[in-house]
Amino acid sequence: MKIIHWLLLLLVPGACKDRYNAPFHIPASGYLVVEGFINVGSGSTDITLSRATGLDSPYVIPELSAQVNVESDNGSSYPLTESAGGHYSIDQVPVDLNHKYRLRIKTSLGTEYLSDLSAPVVTQDIDSVSWKAGGDGVNIYVSTHGNPTDPRYYQWKFDET
């Protein structure tokens, strides 16, 4: 009798699993994934290009040999250089806050992507930084202030030491 209970116990977890079928179709080449932003301050602009894969795939497929440019509404264009694994960068884009900028991407297969023109957003100065230890690590909080018309969310990067 105990053997039957153990067998049932082993079968129950497997009976609760259902395969998830995503409600959309990913083309054979995968959707182009663009990660990064145009840096309006000092520092480099870094863009990573890859292809979307299925939910069951643990692999990232880099988009290699693409042409990536930052373009201004005044006609200026700044090409990014490919390094390794679908990473494209430029040391400094001479951003003029009075102009709008966009990304132009041309893949190795000739497909062209163009983002909307956007005005540069300058991050407000940081007022304070605080932290709180929790069960999953340390949470870092950054406070700033600005005008009500400024964006509500910013991204800061940091180097952990």
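The model is predicted: local features need pLDDT of at least 70 and side-chain atom pairs pLDDT 80 or more, whereas totals for chains, interfaces and linings use all residues. Residues are numbered from 1 along each chain as its sequence is written, and side-chain values use heavy atoms, without hydrogens and water.

**View 1. The surroundings of N39.** N39 belongs to the loop that joins β1 (32-37) and β2 (45-51); strands are DSSP runs of E, at least two residues, numbered from the N terminus. Beyond its neighbours within four places in sequence, N39 touches S44, T45 and V95 (contact: heavy atoms within 4.5 Å).

**View 2. The largest pocket.** This pocket holds about 750 Å³ of space. Its lining has 28 residues, and those closest to its centre are F37, I38, N39, V40 and V121. Strands β1, β2 and β8 (101-106) each supply at least two lining residues, with β8 giving the most, 3 residues. A pocket is an open set of points on a 1 Å grid over the protein atoms alone, where a 1.4 Å probe fits, with protein on both sides within 12 Å along at least five of seven lines; lining residues have an atom within 4 Å of a point. The volume is the space filled by probe spheres set on the points, which are joined across faces, edges and corners.

Definitions and conventions. Helices (H or I, at least four residues) and strands (E, at least two) are DSSP runs, numbered from the N terminus.
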